[in-house]
Amino acid sequence: MLRLIGKRLLLLIPTLIGLSILLFLWVRALPGGPATALLGDKATPEAVARVNEAYGFDRPILEQYFIYMGRILSGDFGNSLLTNRSVLEEFAARFPATLELTAFAMIFAVALGIPLGYWAARNVGRWQDQLAVLLSLMGVVVPVFFLAFILKWVFAVQLGWLPTDGRQDPRIDATHYTNFFVWDGMITGEYDAAWDALLHLVLPGVALGTIPLAIIARITRASVLEVQNADYVRTARAKGLAPRLIRDRFVMRNALLPVVTTLGLQLGLLISGAVLTETVFAFNGIGSFLWDAIFNLDFPVLQGFIIFIAVVYSLINLLVDVSYGLIDPRVRVS
Amino acid sequence: MSAVNGTDGEIGMNGGIGMDGGIGMDGVNRAAGRQRTEDERAPRVEAGPLLHIEDLQVDFTTMHGSVRAVEGASLSLAAGSTLAIVGESGSGKSTTAMAAIGLLAGNGRVTGGSIRFNGQDLVGLPEAGMRHIRGRQIGLVPQDPMSNLNPVSRIGTQVGETLLTHRLATRRDVDAKVVEVMEAAGIPEAERRSRQYPHELSGGLRQRALIAVALACRPQLLIADEPTSALDVTVQQVILDQIEQMTHQLGTAVLLITHDLGLAAERAQDLVVMHRGKVVESGPAARLLEDPQHPYTRSLVKAAPSVAAVRLAPGAFAATHQGGRPGGHPAPDGGTTGASGPPAAAGSGSTASGPAGAAGAPVPTAAATASGPAVDEPLVTITGLTKVYPVRGGEDFHATKDVSLEIPRGTTVSIVGESGSGKTTTARMLLKLITPTSGSITFDGRDVLDLDRAGLRDFRQRVQAVFQDPYSSLNPMFTVGRIIEEPLVAYKRGGARQRRDRVLELMEQVALPSSMFRRYPAELSGGQRQRVAIARALALQPELIVCDEPVSALDVLVQDQILRLLRHLQDELGLSYLFISHDLAVVRLISDYVCVMKDGELVEAATSEEVFTNPRHPYTRRLLASIPGNELQIDTDVA
């Protein structure tokens, strides 16, 4: 197991090197070069030359790359062109928000998707199944931002059940240590703050989690359908085992294997997919920050974000593979 | 210790399933045991049999409406005895058994008749009631040990579940009881094995684990549904012995489901033959084999390789054709015993086969046409063929070791062996699908391993293959016509019209009606698909066809037809076959020469007659002894 983890971590190195080269070249290929991106396209040639010299953009390209790599390795991703604060600092402030949102979305998707899929499979061909299939189809075809608008309009604006935007009511004077607002509220004992933060998570979380929910439900359904006809399930029945035991130990444990694989893929997509949702709900996470960065060509932020996502994505997949080995003994051996 | 209390299943609760019982004397003992059981049961309320199925009717709901799988089946099984249901796939034999344990597939339903177990009618019994009977009073040993164990659960857990469910063990003593049961099922190092997962065990051990599961609660009835058809022959016998020994000790009655008549006759006192959902004949095993009444039973007795092999020597096929096969074909290791042996002489006295030259009969054409240019030179010569797969951090795996054999023109050379013996690897190397590590293969005098582009193109046309599984070896998206035409297109033979004519001609050759031209493989039966595969192989007029287990996925009667077709085509077209099979009985029906492989090595190679009548290597003898029905010595004169 440790060898697997070590091997996967080593694989991360060439991935990141390749990615850094791509990012490096991308910045150099920006129209007018990085200096223009910094100064805007109305900059005078003199100003561009000054910036080029100051940032070393006039040196040989290979040298530039090594300088760039050296900075990244020492944790310096540069400063945001918009806020002029260090990219890492900005991430540290906002990433917990996105992670909290993603976690909520994922829990929502799993907690509803797996039972829905199982229920559909058990009632295959009947109205329950058709309803589940229809719901999951709608979940996939409705664009996230549109769903976000609808949810916001119905539950926040019209019904007023839930907050419209933000991460927490600004009137609450909450203490923040980790920037995970729900968590912060729990550890400081400010339960009202935690509850308020949680309420703020519901609408964006549901909007973000709907597509994964639909996908998880569909995969669970297909997987259960396959497994419940497996020979070993029939053998389990031939032993006279109780239906519950058969469901938990025989059907679900085997049926969840493909679901776990999708979970990893979905989780990675969620983090990068949070951009739209956060924008709609003015949720001050990494997504909305990125939105601004894209439109203003804030390339230090974009570079940092892309590398960051690559690392997170790899780690999540590693986590999935490890947990896969825990539930499937056949993977453990090979 | 074989006292059986028919009704309550309390069989010596503290005695364990120990292996102390006598194994050798079961025949007599069992009969006696059964007698006694019946006597004991006599004063009880119902003196009926343990299992009594009457007029059973099972329907399956499909997209095309209701299909009747079992129609009016009746059978009766006394406590402690063994009854076998024999039939082909689709005969309803498994369905009948599954109905008895209430495990019909979701769309199946008992629509008539009764299934009385210990006098209680199981038809219509609610699921909750059925659950107490399953595993506790009726055990099931399923067919495929590879797919019947939960892959994510330890063996010990899977054995223990049954004991715990039926309260024959507590959480505290379940581990000890599991080991006990597994030992009784003949699993060595039971304690270590109980902590392993299914994929860590061989097929034979998995089947033993399933036997342990089925017999853990000492049921009164064991349903064994093709318990060994997924296993190697030598393992098959051991497993069947294990079942027989254990059920004998526990006094468990056995309902054996099998397609193999020989096996059934060897293991069961009574047989029930099913065909298309109906019981066509039933009675004592010996009588059924020796004097079958129903035409279907007769054809089954005739075709069952394990029974028929004894009589149907290869010559039996030759007798049906006029075209003489090459008379004095050289045996791979010298001598022409095969040619002058019994097949030619006994099979067809009047036709011009073997004795043509010797007797100087006025039919020289046979020798002239069939022999062709270079009779002496074998079509294929394989020398010292070795394939090594390097194993990381371990000893290299030798798939084949120094295999040498020859395929004389117009003959059938078979390679027999169990899984892992290297027979398929050898065939694949000959097909140039994998590259040997060392050794040489020549085809028609040319080195196969060193062919240039043009040479390879030529080789690929002259050597064709027919594979085992007719369900997966045909492209499901192509019509039959297109599948057969494919090689003609690939090698640009003729125009569209000519190709179409050729395809129809080929279909006629393999006895496929031309109406199948536009059908898809999914619409065909297994036998028809294999005919398509053969037609495709014939399309380019090859000289050699490598048949890798071509009939092992087929029912006996269909097997017989395909083997006859292959033999007929050989006579007609002068083909040579390399025939790969695990089934000695089948090999005996078709081969001129037999090579026996074990663990990558060729342990014996001789003419078919030689191998079957005078096997030299101990392994060959063991294989021969494992053919079910081999020792039945039944005179099956039913033809």
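View 1. Just after helix 18 of chain B, B:Lys432 adopts a positive phi of about 60°. Helices here are DSSP runs of H or I with at least four residues, strands are runs of E with at least two, and both are numbered from the N terminus. Helix 18 spans residues 423-430, and seven of its eight residues are buried, so the helix is largely enclosed by the rest of the structure. The buried ones are B:Lys423, B:Thr424, B:Thr425, B:Thr426, B:Ala427, B:Met429 and B:Leu430. A residue is called buried if 20 or more other C-beta atoms lie within 10 Å of its own, exposed if 12 or fewer do, and partly exposed in between, with C-beta atoms placed from the backbone. A word on what you are looking at: this is a predicted model, in which local features need pLDDT of at least 70 and side-chain atom pairs count only at pLDDT 80 or more, while totals for chains, interfaces and linings use all residues. Residues are numbered from 1 along each chain as its sequence is written, and chains are lettered from A and ligands numbered from 1 in the order in which they are written.

**View 2. Helix 20 of chain B beside helix 22.** Helix 20 (residues 480-490) and helix 22 (residues 526-538) of chain B pack with their axes 7 Å apart, at an angle of about 30°. Axes are lines fitted to C-alpha atoms, for helices over the stretch in contact, and angles run from 0 to 180 degrees between N-to-C directions. Helix 20 of chain B brings B:Val480, B:Ile483, B:Ile484, B:Glu486 and B:Pro487 to the contact, and helix 22 of chain B brings B:Val532, B:Ala535 and B:Arg536. Contact means that the C-beta atoms of two residues, placed from the backbone, lie within 7 Å. By class, this helix 20 and helix 22 contact in chain B has six nonpolar, no polar and two charged residues. Here Ala, Val, Leu, Ile, Met, Phe, Trp, Tyr, Cys and Pro count as nonpolar, Asp, Glu, Lys and Arg as charged, and the others, Gly among them, as polar.

**View 3. The buried residues of helix 20 of chain B.** B:Val480, B:Ile483, B:Ile484, B:Glu485 and B:Leu488 are the buried residues of this helix. They pack against helix 21 (496-509) and helix 22 of chain B. Just after helix 20 of chain B, B:Lys492 has a positive phi of about 50°.

**View 4. An open sheet in chain B.** Six strands of chain B form this open sheet in the order 6-7-8-3-9-10, with mixed pairing. Strand 6 (138-141) and strand 10 (278-284) of chain B are at the edges, each with a single partner strand, so one side of each is left without a neighbour in the sheet. From one strand to the next, the twist averages 15°. Strand 3 (residues 82-86) and strand 9 (residues 270-275) of chain B pair in the parallel sense over four bridges; strands count as paired if DSSP finds at least two bridges between them. B:Val86 has B:Val273 in strand 9 of chain B as its bridge partner. Helix 11 (residues 295-303) of chain B lies across strand 9 and strand 10 of chain B, at about 105° to strand 9.

**View 5. Antiparallel partners of strand 4 of chain B.** Strand 1 (residues 51-62) and strand 4 (residues 108-117) of chain B pair in the antiparallel sense over eight bridges. Look for B:Val58, which stands opposite B:Val110 in strand 4 of chain B. Strand 4 of chain B also pairs with strand 5 (residues 120-121) of chain B, antiparallel over two bridges. There, B:Arg116 has B:Asp121 as its bridge partner. The hairpin of strand 4 and strand 5 of chain B has two residues between the strands, and B:Asn118 in this hairpin takes a positive phi near 55°.

**View 6. Where chain A meets chain B.** Here 19 residues of chain A are in contact with 24 residues of chain B. On the chain A side, helix 10 (231-238), helix 11 (243-280) and helix 14 (329-333) of chain A each give two or more residues. Helix 10 of chain A gives the most, with six residues. The residues on this side of chain A divide into eight nonpolar, three polar and eight charged.
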